[in-house]
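Please consult the sequence and coordinates alongside the text.

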Amino acid sequence: MTALLEVDDLRVAYGKIEAVKGISFQVKAGEIVTLIGTNGAGKTTTLRTLSGLLKARSGTVTFDGEPLKRLRPDQIVARGLAHSPEGRHIFPRMTIEENLLLGAFLRKDKAGVAADVQRAYDLFPILGERRRQAAGTLSGGEQQMLAMGRALMSRPKLLMLDEPSMGLSPIMMQKIMSTIRELSSEGITILLIEQNAQAALSLADQGHVMEVGTISVSGTGQALLHDESVRKAYLGED
């Protein structure tokens with residue numbers, strides 16, 4: 001498999017504070033890759049930099065063979081890299097369907113957009129049932145479904161998900177994780193940040209442990225699940 005995303009020696013700072021300290025990793029086409037680590041490790045900063053919301057101090061990001069350094073966030077989305085952010089960031093006063101349509105703001109193919117709205121409703125039937133309802137009236141889990149559905153409306157080659165299960169019930173978390181697996185089976189490449197390390201590593205082809213802006217351990221998802229240091233630090237096991 002070829003690398004769809006290549007990150008090489010990426011450094012990102014907030015003023016004088018370096019939040020990401022020279023990390024390198026790849027995401028191959030068709031893979032699920034996860035970044036795990038404690039709060040403040042630099043995971044969200046990494047995703048925000050990949051999507052163009054933050055500027056790197058140094059290093060390179062190459063997506064589908066093209067450097068992303070000088071591209072605006074909308075240009076990055078147009079090339080097939082979508083970001084479902086931490087905290088969902090839905091538009092609460094707009095309807096569910098209006099939120100979904102915003103995810104397709106760069107597209108001109110009306111028939112394709114309509115088909116993808118229906119696909120989001122097929123993935124998450126509750127959204128279809130409430131399509132005319134204000135998004136702010138949804139539960140946390142339903143808002144997460146909407147955020148994922150909105151990101152999918154750009155027809156991404158790579159979908160970045162930042163903490164999709166945060167604050168959700170175990171049943172809703174299982175629904176989100178099964179949806180991630182389903183999307184992967186459809187050929188969408190996924191870069192996942194997830195507080196539930198066990199769930200993330202169980203899904204992932206590859207995983208990277210981030211600590212204070214660096215990658216400390218890398219391996220297959222299964223290898224990290226059985227790594228003693230990872231189990232103690234992130235899976236709550238002695």
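The sections below treat the basis of the model, its sheet, its pockets and its cavity.

## Basis

The model is predicted: local features require pLDDT of at least 70, side-chain atom pairs count only at pLDDT 80 or more, and totals for chains, interfaces and linings use all residues. Residues are numbered from 1 along each chain as its sequence is written, and side-chain values rest on heavy atoms, with hydrogens and water left out.

Four strands form an open sheet in the order β2-β1-β4-β5, with antiparallel pairing. Strands (E, at least two residues) and helices (H or I, at least four) are DSSP runs numbered from the N terminus, and two strands pair if DSSP finds at least two bridges between them. At the edges stand β2 (17-28) and β5 (66-67), each pairing on one side only. Strand β1 (residues 3-14) is joined to strand β4 (residues 58-63) by five bridges in the antiparallel sense; Asp-8 stands opposite Thr-60 in β4.

Helix α1 (residues 43-50) packs on this sheet and touches β1, β2 and β4, its direction making about 115 degrees with that of β1. Contact means heavy atoms within 4.5 Å; axes are lines fitted to C-alpha atoms, for helices over the stretch in contact, with angles from 0 to 180 degrees between N-to-C directions.

## Pockets

On a 1 Å grid over the protein atoms alone, a pocket is an open set of points with protein on both sides within 12 Å along at least five of seven lines, whereas a cavity is a set where a 1.4 Å probe fits but cannot get out; lining residues have an atom within 4 Å of a point. The largest pocket has a volume of about 590 Å³. Of its 24 lining residues, Val-77, His-83, Pro-85, Phe-105 and Arg-150 are the closest to its centre. Two or more lining residues come from each of α1, α2 (73-78), β6 (81-84) and α6 (140-152).

The second largest pocket, of about 230 Å³, is lined by 17 residues, with Thr-49, Ala-56, Val-61, Leu-68 and Lys-69 nearest its centre. Strand β4 gives the largest share of this lining, four residues.

## Cavity

There is one cavity of 30 Å³ or more, and the largest cavity holds about 40 Å³ of space. Its lining consists of Asp-116, Arg-119, Ala-120, Leu-123, Gly-149, Leu-152 and Met-153. Helices α4 (110-123) and α6 each give two or more of these residues, the largest share, four residues, coming from α4.

Methods. Points joined across faces, edges and corners; volume = space filled by probe spheres on them.
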